[in-house]
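Colleague: I am new to this structure. Please show me how to read it.

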Amino acid sequence: MKIVYCIDGMYGFGGIERIVSSKMNWLVENGHDVTFLTTNQGGNSFDFPLDARIKYENIGVNYEEDNVLHPLKRYFRAWYKSRGHLKKLEDALFRIKPDITITASRYTVPLLHQIKDGSKKVVEIHSSRYTKILQQPISTPIRRMLGRFLIWWNDQSLKKYDRCVILTEEERGVFEHLGNVEVIPNMSPFATDKPSSCTGKKVLAAGRFAYQKNFKEMVDIWEMVHTEFPDWQLEIVGEGYLYPQVKEYVETKGLSDSILLPGTSTQMPEKMRSASIYALTSHYEGLPMVLIEAQVMGLPIVSYKCPSGPSDIVSDGVDGFLIPKYDKRCFADKLKKLMADESLRKNMGEAGISASKRFDKEVIMKRWETLFDCLMRR
């Protein structure tokens, strides 16, 4: 089968780039012809390994160069560039003649369904339906109202695709009105035969230091915990524009000795292996891959039950605890429960390893092949 992927770029250590590269590698290894098209790659190198059989073209629209402009001017520049983007994309698809064309590119979603090259069109959605609202603080009602409009506007494109693939069962209900929804979660990015022993006295969190991850609240929760467990540490791995604020917040609360902020790491399996619990306090997610990684590594999870993803990954009381959003006291109590009970940590960690098997690469990619076969029979 001939398959084309559309993606913004294959550089930067982002979750979408990692997942799409893994899918493409699996597909060519299993006999499919795969090409991917980028809009913003420019001269950047690929940051994830790609099979030599995968073909590549850069459409070269480069929306990212306009990010320095005022939002209104950036919008009109994007609208102007989209006309040339549509023509270049159309030329590429008529030349390649794919059976299936998939977009994981926000810039391509309004365009791809317009091209009548004969290929089946699939869109991947890697975030919660309400991200455009949730990414704005409650204190910005006008921005949240704009987010609602953008969701409606995006729906006008999504419903024109042959399939709209979302990541969680939790979100199926809010997408079903499109009439073309399929749920296929992302695959686990790695496997291991050396999970955590759950004996180290460390709680781990990771992600970009941005509003979404809500790391200041993680610090508040740790303040409730650390006095009872002075020999434990919280490590928050990552960087981002809020890193200086979080660091200052930690120092202001006098927690610098028990909260580690090491920056980014390319060795997350090792970080998880040295920890005994994984914690997540996000305002929102899509399907948080880091929770799947934590399960693979045998870590019990304590997570806010935010939209969306944690509820699809964590079985409350079995392999972790799901906490009502912003209930810091409950979150702290569940951390304490796990920190005080090594046997409970190990039992939940083993349950997480078993649960993670449903995200194995072979399991997930067979679901994609089934979808492709279904679309080609229509």
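Colleague: How do H7 and H8 lie to each other: roughly parallel or roughly antiparallel?

Modeller: This is a predicted model; local features need pLDDT of at least 70, side-chain atom pairs count only at pLDDT 80 or more, and totals for chains, interfaces and linings use all residues. Residues are numbered from 1 along each chain as its sequence is written, and side-chain values use heavy atoms, with hydrogens and water left out. Helices are DSSP runs of H or I, at least four residues, and strands are runs of E, at least two, numbered from the N terminus. Axes are lines fitted to C-alpha atoms, for helices over the stretch in contact, and angles run from 0 to 180 degrees between N-to-C directions. Angles under 35 degrees count as roughly parallel, over 145 as roughly antiparallel. The axes of H7 and H8 (residues 243-252) come within 10 Å and cross at roughly 15 degrees. H7 and H8 are therefore roughly parallel.

Colleague: Which residues make the contact?

Modeller: Contact means heavy atoms within 4.5 Å. H7 gives Phe215, Lys216, Val219 and Asp220; H8 gives Gln245, Val246, Tyr249 and Val250.

Colleague: Where is Ala210, and is Ala210 buried or exposed?

Modeller: Ala210 sits in the loop between strand S8 (202-206) and helix H7 (215-225). Buried means under 20% relative accessible area, exposed over 50%, partly exposed in between (1.4 Å probe, protein chains only). Ala210 has 7% relative accessibility, so Ala210 counts as buried.

Colleague: What is Ala210 in contact with, leaving aside neighbours within four places in sequence?

Modeller: Tyr241 and Leu242. Gln135 is 75 residues from Ala210 in sequence, and 9.8 Å away in space, C-alpha to C-alpha.

Definitions and conventions:
Parallel < 35°, antiparallel > 145°, perpendicular 65-115°, else oblique.
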